[in-house]
Amino acid sequence: MFKGFRDFILRGNVIDLAVAVIIGAAFTAIVTSLTEKIINPLLGAIIGKPNFGYLVGHVNGGEIRYGDFLTAIINFLLIAGVVYFFLVIPTQYLLKKFHPAVVAPPVTKPCPQCLGDIPVAATRCKFCTQPV
């Protein structure tokens, strides 16, 4: 039983997952700080208030706090934008730089007689039956 547990813990994907969770938590702190300390105050300077918590609807004596929901949506969009522009795009650029795309060899060629597409290994055109 302990050998199975040890094998499970020492597999590479479990260690990779643990590292990803730790890095993700650290990155969350950075992104949250960016949105709360820089972007939200900029929005507050433009709009007048840094969040929409003041928007409240009253229905039959109850409160509907739709301003908090709008703030959560805007924060999500800001975080998604930061992740995309500061993490995804640079990563894609580096992957393309270090792992260029492999061009596959052509699987067809034009027949010199009728210009129909035939397989590269063909010795006779399937359209006009001319040898190629």
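## Model and secondary structure

Helices (H or I, at least four residues) and strands (E, at least two) are taken here as DSSP runs, numbered from the N terminus. On that basis the protein has three helices and four strands. Their order along the sequence is α-α-β-β-α-β-β.

The model is predicted: local features need pLDDT of at least 70, side-chain atom pairs count only at pLDDT 80 or more, and totals for chains, interfaces and linings use all residues. Residues are numbered from 1 along each chain as its sequence is written, and side-chain values use heavy atoms, with hydrogens and water left out.

## Overall dimensions

The C-alpha trace spans about 85 × 55 × 35 Å along its principal axes.

Contact means heavy atoms within 4.5 Å. Taking contacts between residues at least 6 apart in sequence, 16% join residues at least 24 apart.

## Surface and charge

Accessible areas come from the Shrake-Rupley method with a 1.4 Å probe; for residues, only the protein chains shown count as cover. The accessible surface of the protein is about 10,600 Å², and 71% of this belongs to carbon and sulfur atoms. A residue is called buried under 20% relative accessible area, exposed over 50%, and partly exposed in between (1.4 Å probe, protein chains only). Of the 132 residues, 11% count as buried.

For charge, Lys and Arg count as positive and Asp and Glu as negative, while His and the chain ends are not counted. The place of a charge is taken as NZ of Lys, CZ of Arg, CG of Asp or CD of Glu. The protein has 11 positive and 6 negative side chains, with the centres of the two sets 14 Å apart.

T71 is placed in helix α3, which covers residues 66-98. T71 counts as buried because its relative accessible area is 14%. Leaving out residues up to four places away in sequence, T71 touches N51, F52 and G53. N75 is also in helix α3, but N75 is partly exposed, at 22% relative accessibility. The C-alpha atom of N75 is 8.4 Å from that of N40, and the two residues are 35 residues apart along the chain.

K49 belongs to the loop between α2 (12-47) and β1. Its relative accessibility of 41% makes K49 partly exposed. With residues up to four places away in sequence not counted, K49 touches L43, G44 and Y54.

## Aromatic pair

Rings of Phe, Tyr and Trp (its six-membered ring) pair if their centres lie within 6.5 Å; planes under 30 degrees apart count as stacked, over 60 as edge-to-face and the rest as tilted. This rule gives one aromatic pair. Y84 and F85 form it in an edge-to-face arrangement, at 5.1 Å centre to centre with 80 degrees between the planes. Y84 is partly exposed, at a relative accessible area of 38%, whereas F85 is exposed, at 53%.

## Positive phi angles

Most residues other than glycine have a negative phi. N60 is not a glycine, yet has a positive phi of about 50 degrees. N60 sits in the loop between β1 (57-59) and β2 (62-64) and is exposed, at 82% relative accessibility.

L115, also not a glycine, has a positive phi of about 65 degrees. The loop between β3 (108-110) and β4 (117-119) contains L115. With a relative accessible area of 62%, L115 is exposed.

## Strand β4

I118 is in strand β4. I118 counts as buried because its relative accessibility is 1%. Not counting residues up to four places away in sequence, I118 touches V107, T108, K109, C111, C125, K126, F127 and V132. The C-alpha atoms of I118 and V21 are separated by 51 Å, and these residues lie 97 residues apart along the chain.
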